[in-house]
Amino acid sequence: MTTSSSERGVSLGMPELPAPGYPDDVRQRLEGDAREIIARYPDSRSALLPLLHLVQSEEGHVTRTGMRFCADVLGLTTAEVTAVATFYTMYRRKPSGDYQVGVCTNTLCAVMGGDTIFEELQEHLGVGNGETTDDGKVTLEHIECNAACDFAPVVMVNWEFFDNQTPASAKRLVDDLRAGRDVEPTRGARLCTFKETARILAGFPDERPGAVEESGSAGPASLVGLRLARGEAAPARVVHPREGGPHGEPQDRTVHQPSPTEHLSSHDAPQESSASDPAHPAGPVAEEGE
């Protein structure tokens with residue numbers, strides 16, 4: 001005896017209809033931007049990545065309409081475009097918030113507190129991974145390494161860095177984003193919305209006055225090795241020694257005063273670290289082979 005597909009709970013469904021096109025005025029505007037992007041490359045299909053950012057800047061995520069547009073202007077199939085759009089995690093496949101809050105949960109950030117930050121933010125915001133708050137402001141996700149391990153644990157908002165975070169500082173950060181208060185990254189330009197960020201990633205200039213000049217360069221901790229290689233003196237460090245030394249004697253507390261060129265975020269967490277314990281130096285405790 002055989003059973004039908006409906007009896008087995010399988011729905012064959014109808015083939016998905018082709019994606020609708022953009023309204024004429026939107027398509028005309030996007031085509032002008034697309035021609036500018038494509039002209040940068042000797043092979044037009046090399047423009048697919050920035051074009052996906054372009055259509056993402058239109059609706060806040062990569063829609064079927066956006067992928068159809070990319071395919072049309074590049075002479076590709078929608079299957080070829082979809083294969084790329086679904087491969088890279090920077091392309092959103094569903095509506096998301098004005099601010100993409102990513103908590104690094106890769107190895108170093110995780111052991112330094114990233115896992116705890118992510119768990120507490122989920123509870124604080126009432127959303128899961130990849131979900132958006134009811135007000136449409138914040139989409140929370142865990143992200144892989146963003147090459148900022150010297151500032152772990154790191155939270156990113158629309159790909160701007162918020163270094164040395166704690167659960168408390170991260171919750172204050174998302175609360176400020178939802179309330180519309182000014183939020184200043186540790187490094188880089190001031191925040192803009194995710195749509196605006198996507199357009200910049202498509203290769204168009206950031207037109208906000210002063211935004212490029214204030215973006216700066218790598219953070220101080222990232223440049224220590226370069227300075228040492230050049231024979232420059234090591235920069236001052238933030239050091240909060242233990243209250244007592246190896247034998248319980250009090251120790252001086254040294255606090256680093258930031259220089260005018262060192263930028264600290266208004267949402268930096270307290271940067272606590274321990275001084276080395278002379279009684280227990282780091283390194284092997286046995287000879288090799290023992």
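In which sense, parallel or antiparallel, do β1 and strand β4 (residues 155-157) pair, and over how many bridges? The two strands pair in the antiparallel sense over three bridges, and Val155 of β4 is the bridge partner of Val103. Strands count as paired if DSSP finds at least two bridges between them. The model is predicted: local features need pLDDT of at least 70 and side-chain atom pairs pLDDT 80 or more, while totals for chains, interfaces and linings use all residues. Residues are numbered from 1 along each chain as its sequence is written, and side-chain values use heavy atoms, with hydrogens and water left out.

The protein has eight helices and five strands, where helices (H or I, at least four residues) and strands (E, at least two) are DSSP runs numbered from the N terminus. Along the sequence the pattern is α-α-α-α-β-α-β-β-β-β-α-α-α. Of the 290 residues in the protein, 35% are buried. Buried means under 20% relative accessible area, exposed over 50%, and partly exposed in between, with a 1.4 Å probe and protein chains only.

Strand β1 (residues 99-104) is mostly covered, with six of its six residues buried. In a regular strand the side chains alternate between the two faces of the sheet. In β1, Tyr99, Val101 and Val103 point one way, Gln100, Gly102 and Cys104 point the other way, and all are buried. β1 also pairs with strand β3 (residues 138-143), in the parallel sense and over six bridges. Thr139 of β3 is the bridge partner of Gln100, and Glu141 of β3 stands opposite Gly102. β3 is largely enclosed by the rest of the structure, because five of its six residues are buried.

Strand β2 (residues 131-132) pairs with β3 in the antiparallel sense over two bridges. Here Thr139 of β3 is the bridge partner of Thr132. Five residues lie between the strands in the hairpin of β2 and β3, where Gly136 takes a positive phi near 75 degrees.

Among the helices, the axes of α1 and α2 (residues 48-59) come within 10 Å and cross at roughly 155 degrees. Axes are lines fitted to C-alpha atoms, for helices over the stretch in contact, and angles run from 0 to 180 degrees between N-to-C directions. α1 is therefore roughly antiparallel to α2, as angles over 145 degrees count as roughly antiparallel, under 35 as roughly parallel, 65 to 115 as roughly perpendicular and the rest as oblique.

Aromatic rings of Phe, Tyr and Trp (its six-membered ring) pair if their centres lie within 6.5 Å; planes under 30 degrees apart count as stacked, over 60 as edge-to-face and the rest as tilted. By this rule the count comes to three aromatic pairs. Tyr22 and Phe69 form an edge-to-face pair, at 5.9 Å centre to centre and 70 degrees between the planes. This pair links distant parts of the chain, 47 residues apart, with Tyr22 in the segment before α1 (24-38) and Phe69 in helix α3 (residues 64-74). Both Tyr22 and Phe69 are buried. Phe87 and Tyr88 form another edge-to-face pair, at 4.9 Å and 85 degrees. Phe87 is exposed at 61% relative accessible area, and Tyr88 is partly exposed at 39%. Phe87, Tyr88 and Tyr91 form one aromatic cluster.
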